[in-house]
Structures are given as structure tokens and as C-alpha cells.
Amino acid sequence: MNITEKILAKAAGKKAVHPGEIVDANVDVVMIHDLTGPLAVEAFKRIGVQKVWNNKKIVLILDHQVPAESVKAAELHKIMRQFAKDQNLQIYDVGKGGICHQVMPEKGHVTPGAVIVGADSHTCTYGAFGAFATGIGSTEAAAVMATGKIWFKVPPTIKVNVKGNFQKYVTPKDLILYVIGKMGVDGAIYKAAEFTGPTIKKMSIAGRMTLCNMAVEMGAKNGIIEPDETTRKFLETRVKALPDFDALKSDKDAAYESTVEFDVSKMEPQVACPSSVDNVKPISEVGNVTIEQAFIGSCTNGRLEDLRLAAEVMKGKRVKDGVRALVIPASQEVWKQADQEGLLQIFIDAGAIVCGSACGPCLGGHIGLLAAGESCVSTSNRNFIGRMGSTQASVYLASPATVAASAITGKLTDPTKLEKKP
Amino acid sequence: MNSKIKAPAIKFGNNIDTDVILPGKYLILVDPCELAKHALESLDTEFVKKAQKGVILVGGKNFGCGSSREQAPLALKYSGVKCVVAESFARIFFRNAINIGLPVIECKGISAAVETGDELAVDFEAGKVENVSNGKKFQVEKLPPFILEIVADCGLIKNLRRKMKK
């Protein structure tokens with residue numbers, strides 16, 4: 001079996017499982033946030049049980065409309081706080097956490113081999129730690145909070161094998177955009193995407209999280225990477241007891257539906273153009289695109305490593321007049337570290353605004369929305385019509401280095417080219 | 001819930017994502033009837049008017065891709081959509097729709113066989129889809145009995161309540 005099958009077999013109490021088989025899995029952790037949670041709380045109440053199945057395995061995070069931007073949002077937050085209080089649940093309130101997918105691993109809620117479901121499509125991010133993690137809806141989250149169980153169809157797995165070393169300013173974000181461009185937005189629909197190969201073995205946790213985070217953008221049920229020493233190093237101070245990683249390695253004879261191979265060594269920065277995540281082009285082919293907004297942040301690319309890269313590009317330069325640059329560290333922990341390293345100073349000196357840890361403009365719900373006719377280059381994960389505000393606005397997805405370089409020039413810019421200029 | 005549905009079709013293309021079904025700015029709305037007012041408005045400002053008498057949505061590949069927001073199928077359901085038939089679905093949307101009692105059927109070849117305005121007949125339990133207007137018929141793979149049960153119960157909550165009482 002491969003790692004996804006091993007985790008699902010164990011969670012279902014079976015010796016083996018096969019793609020296509022439907023299993024009833026025990027869930028290790030369920031997460032809800034402020035936009036999906038209130039519906040889940042309401043559905044939970046309709047089920048008619050008094051107590052959640054296990055109050056240690058349910059995590060509530062406020063991250064989408066925070067701090068509350070409207071009375072309606074404040075009311076939703078109130079529902080979440082009250083539910084946490086009534087059921088004695090862990091809640092990461094405003095100022096105590098950040099974006100759910102950053103907070104979950106940071107605070108030790110993600111363990112290799114675990115089955116984690118979250119009422120957010122980017123829950124698949126935790127596959128970066130060798131967990132089986134996938135997004136569900138609010139009603140299903142309510143059912144899990146009541147029963148601790150969920151059904152899954154065991155997915156066939158696509159092996160995504162990556163080799164080569166990245167060029168300077170080419171990042172895991174460029175890789176995953178490239179992969180999605182090749183596979184298509186439904187290229188992995190219903191399936192697992194297992195990232196392997198020498199490039200992945202050398203990749204940081206932040207980079208692995210970016211890859212797994214965007215697995216859902218090609219339709220995947222989950223993205224996953226075998227846990228290793230990099231995983232251990234990140235988790236050992238955060239998780240009480242780590243499992244045996246050897247039991248989570250895909251067998252040598254494990255079955256894969258297909259294998260796709262990528263070599264990053266000659267890859268240039270990639271851009272997903274409007275309005276589909278698979279509309280991916282190398283930056284040299286994008287042409288002259290003027291931007292009004294540059295956004296560095298989100299569960300895809302708001303980590304310390306991303307901010308370091310953006311700061312390196314922006315240091316000593318100024319954001320172009322007519323462009324607003326938004327930097328949003330993914331969590332309070334990232335914020336603090338970025339501050340200690342002087343990164344926030346660099347952004348502020350460059351004329352960027354640094355906002356509190358939250359989802360921000362990524363989903364067009366809160367701050368940094370776009371007007372009709374405007375364009376934004378963003379490190380986030382979706383460029384759908386109306387995603388960041390007006391349905392007549394355009395969103396281009398790229399790496400933190402590309403977004404930083406573009407903020408400086410006011411148009412989509414290859415970060416490797418920016419450096420050469422005086 | 002009656003497993004047989006008959007209604008006129010409204011057809012959309014491939015990759016209809018949850019942001020166009022229901023933009024993120026409306027997620028703070030709680031009342032499903034309020035959500036419904038904005039269903040698919042980014043693609044067709046007249047959609048809600050067209051849907052209110054009851055329609056079957058026909059989609060291409062990857063219908064409902066994107067966010068896990070359950071408000072997307074809720075908005076469709078309360079706008080008058082009785083069922084969604086598509087070439088394929090994004091998996092979270094598929095589960096969400098079933099869980100809130102909006103029947104969804106995966107039907108290969110449906111896009112080419114239907115135009116907006118055609119009368120469609122769907123038998124969810126039997127796995128049958130028919131375009132009454134042009135006579136084209138499809139037999140699709142039936143869903144497992146436990147999923148059909150959830151649909152028959154108009155959603156997961158009622159289904160769970162019933163099971164827990166046993």
C-alpha cells in the first residue's frame with residue numbers, strides 16, 4: 001500500500017484497503033473556522049446530541065473575517081466562542097492564532113499518519129506532514145463532531161515525482177503552479193497526489209505545505225508527502241508523541257494509478273493567469289500586465305520563508321506609486337519571527353502595509369478587495385472570477401518573489417530580472 | 001424525498017467554481033434564502049429569476065470546484081435548483097450537496113445532450129437521466145445505498161438523527 005492507503009486502512013480498522021473501496025474512518029482531528037463553523041455548530045445542534053464526541057479533537061479557529069469587519073461577522077464569531085465554551089473546545093481567537101492551516105501544525109494539532117478533516121478546502125495542507133487531510137463541508141463537520149467518524153472512498157493515487165534543484169527565486173509555488181498547469185484543474189479529481197523524489201526530500205516544511213495546500217486546485221482529495229527528518233524537526237517540539245515514521249512509508253510495490261515526472265532545474269517563475277488556476281504560463285510569456293495590488297500572504301505562501309524571500313527582493317526598494325502592497329504573515333508566530341528578523345521593517349520601508357494574521361483578501365471577504373478593472377498579483381491559491389472582489393477584477397497567482405518584484409515595478413515581473421537592475 | 005425529478009434545464013460549462021456559485025463576500029449571511037438571492041450572479045444576473053420555478057442545473061467537468069463552502073449548494077438549493085447533473089463534480093461540493101439534501105448526479109456525456117430550456121427527467125434511485133425534449137437517455141452508475149439513504153432523508157442531519165435513534 002502507499003501512504004494514503006496505509007493511513008485509511010488503519011483509520012478504518014482494516015489490514016488493507018484498495019482504491020474505490022468505501023471505508024468508515026475514525027477521525028483524529030476536525031477543524032472549523034469562522035465562515036464554515038457557525039453552520040457546523042447549527043447543524044450539530046440539529047443532530048440532537050448534547051456533547052461532542054471528543055472535546056480534545058475539535059479545533060476552532062477564527063481567521064477569515066478577523067478582526068470582525070461587520071456586525072454579521074461579529075455575530076458569527078460569537079457563535080464560535082459560545083460553542084467552544086459550552087463544549088470546552090480549543091479555540092484560537094483573534095490575536096491568538098492566525099490562518100487555520102498555519103496554526104494547526106504550529107500548535108501541534110497535526111501528526112503524521114493522522115486523519116484530519118476540516119471545514120475548509122485547503123485542509124489538504126497537512127499532507128505536508130504525512131497526514132491524510134482533506135476538506136469537508138459544515139454539515140459533515142457537524143456529523144464528525146458528533147460521531148468521530150466519516151466515510152471515504154479510498155482514492156487512487158497519482159505519484160508526482162520531482163527532481164532537480166530550483167534556480168534562484170524559483171520556488172515550490174512555481175512548481176505547484178507548473179504541475180497544476182500540466183494536470184489541469186480536474187487532473188487529480190477524487191484522487192490522492194503523493195509528492196516524492198529528490199526535490200521533495202530536500203524541500204523545507206514551508207515548501208511542502210505550499211505543494212500540498214494547492215493539491216485541491218487540481219481536484220485532489222489529498223496531497224501527501226512521506227514524513228522524514230525535516231518533518232520531525234518541525235514537529236518534535238510541538239507534538240507530544242510522534243508515531244513511527246517507517247510505518248508511514250509507501251511500500252516499494254505500492255500501486256499508483258499513474259506517475260508524473262517533473263524536473264525543476266530549468267523551471268522559470270510561473271504565473272497562473274485569470275481566471276483558472278491551470279491557466280499557467282512561464283513569466284516570460286505573460287506579457288505586459290500592469291497591477292494595482294500585490295498580496296503576499298495566505299495559507300499558501302504566508303510563512304516565514306515566504307516573507308524572507310519577499311523581503312530579500314524588496315529590501316531598499318519602493319513599492320511603485322499606484323500599487324498597494326499587502327503583506328499578511330500567516331500566523332502570530334510567523335508575525336513575531338518576521339518582526340524579530342526585521343522583515344516587517346523592510347516591508348514598511350518599502351511602502352507596503354503589514355496587516356494582522358488572517359486570510360485577508362484571498363477570498364474577497366475582508367480587507368484588500370479589488371475594484372472593477374483592477375489587477376492583483378497574489379501569492380494565494382485561487383484566481384476565479386470575483387475571488388478577490390469585483391467580478392471585473394483580475395487575479396494572477398505567483399510566488400512571493402514574483403509578487404514582491406511586481407510590487408516594485410508595478411507590473412508582472414520576473415524576480416531574477418529585477419535584481420540585475422541598479 | 002421523491003427520487004424522481006422533472007424540470008427544465010439550465011446549462012453551464014466546465015469548472016463552475018464555488019466563488020461564482022456564491023462569492024466569498026456573502027458567506028457572512030446565515031439565512032439560506034438570503035444566500036439564494038446571490039446564486040451564480042457572477043455568471044448570470046438573471047439566474048435567480050430563472051431558477052425560482054424549479055430547474056435542473058447541467059454542468060460540465062469539475063462542477064463546484066474550489067472552496068468547501070456549503071453555502072454554495074445551499075444557495076443553489078434555495079434558489080430553486082432541484083438537482084445538479086454534471087460530467088463530474090469537485091468532491092467536496094458533491095458531498096456537501098448530498099449532505100444538505102440537494103441531489104447530484106454524475107453523468108458522462110450530459111453536456112452535449114442538453115441545451116438550456118430542455119425538459120429533463122431524473123430518477124435518482126434508478127440512476128436514470130432523460131432529456132425529454134430530445135429523447136436522449138443515460139443510465140449512470142448508481143450511488144451506494146447509504147448515500148441514497150442520505151438523499152432520501154433530505155440530508156445528513158436527518159439521516160444521522162434517524163440512525164442514532166435506532
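Modeller: Let's go to helix α11 of chain A, residues 304–314, which is mostly covered: 8 of its 11 residues are buried. Buried means under 20% relative accessible area, exposed means over 50%, and partly exposed is in between, using a 1.4 Å probe and protein chains only. Helices here are DSSP runs of H or I with at least four residues, strands are runs of E with at least two, and both are numbered from the N terminus. The buried residues of α11(A) are A:Leu304, A:Asp306, A:Leu307, A:Leu309, A:Ala310, A:Ala311, A:Val313 and A:Met314. Just after α11(A) comes A:Gly316, with a positive phi of about 75°.

Before we move on, keep in mind that this is a predicted model, where local features need pLDDT of at least 70 and side-chain atom pairs count only at pLDDT 80 or more, while totals for chains, interfaces and linings use all residues. Residues are numbered from 1 along each chain as its sequence is written, chains are lettered from A and ligands numbered from 1 in the order in which they are written, and side-chain values use heavy atoms, leaving out hydrogens and water.

You'll find A:Lys252 in the loop between α9 (229–235) and β11 (258–263) of chain A. Its C-alpha atom is 34 Å from that of A:Ser399, 147 residues apart along the chain.

Now look at where two chains meet. Helix α5 of chain A (residues 138–147) packs against helix α8 of chain B (residues 156–165) at an angle of about 20°, with the axes 10 Å apart. That angle is why α5(A) is called roughly parallel to α8(B); the label covers angles under 35 degrees, with over 145 roughly antiparallel, 65 to 115 roughly perpendicular and the rest oblique. In this contact (heavy atoms within 4.5 Å), α5(A) supplies A:Thr139, A:Glu140, A:Ala143 and A:Thr147, and α8(B) supplies B:Leu156, B:Ile157, B:Leu160 and B:Met164.

Finally, step back to chain B, which has 8 helices and 7 strands. Of its 166 residues, 61% count as buried. Its C-alpha trace spans about 40 × 40 × 25 Å along the principal axes.

Definitions and conventions:
Axes are lines fitted to C-alpha atoms, for helices over the stretch in contact, and angles run from 0 to 180 degrees between N-to-C directions.
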